Amino acid sequence: MQISVFPNPATDYLKISPVDGVGSVKIYSLDGQELMSTVLNNNQLDISSLRNGIYIVQIETGEQVYRQKFIKQ
């Protein structure tokens, strides 16, 4: 399964598609500190509380872990 995370850069929300099979979603700083752990609301992740910068989103499904960098503006 290919997971898409958009828009990148993002301001308030990240959209994740498809959401079928997604268990948890976590946001990490570049130094590996976990900043957020949540379950998706619809297909959106509220990132408005994050400072501007570069982060890593980690999406766990039943079979695999998907990671992607994104920019918060």
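Biologist: What pattern does the protein follow, read along the sequence?

Modeller: This is a predicted model. Along the sequence the pattern is β-β-β-β-β-β-β, and the count is zero helices and seven strands.

Biologist: Why is the protein called as compact as a globular protein of that length?

Modeller: Its radius of gyration is 11 Å, and the globule rule gives 11 Å for 73 residues; the two values are close, so the protein is as compact as a globular protein of that length. The C-alpha trace spans about 30 × 20 × 20 Å along the principal axes.

Biologist: What makes a residue count as buried, and what percentage of the 73 residues is buried?

Modeller: A buried residue has under 20% relative accessible area. Such residues make up 36% of the 73 in the protein. The accessible surface of the protein comes to about 4,400 Å², with 44% of it belonging to carbon and sulfur atoms.

Biologist: Why is S37 called partly exposed?

Modeller: The relative accessible area of S37 is 46%. Partly exposed lies between the limits of under 20% for buried and over 50% for exposed, so S37 is partly exposed at 46%.

Biologist: Where does S37 lie, and which residues is S37 in contact with, leaving aside its neighbours within four places in sequence?

Modeller: S37 belongs to strand β4, residues 34-38. With those neighbours left aside, S37 is in contact with V25 and K26, since contact means heavy atoms within 4.5 Å. Between the C-alpha atoms of S37 and I27 the separation is 6.6 Å, and these residues are ten apart along the chain.

How values were computed: Residues numbered from 1 in each chain as written. Predicted model: local features only at pLDDT ≥ 70, side-chain atom pairs only at ≥ 80, totals over all residues. Heavy atoms only, no water. Helix = DSSP H or I, 4+ residues; strand = E, 2+ residues; numbered from the N terminus. Rg over C-alpha atoms; globule rule 2.2 N^0.38 Å. Buried < 20%, exposed > 50% of the residue type's maximum accessible area, 1.4 Å probe, protein only. Areas by Shrake-Rupley, 256 points an atom, 1.4 Å probe, with all protein chains shown as cover.
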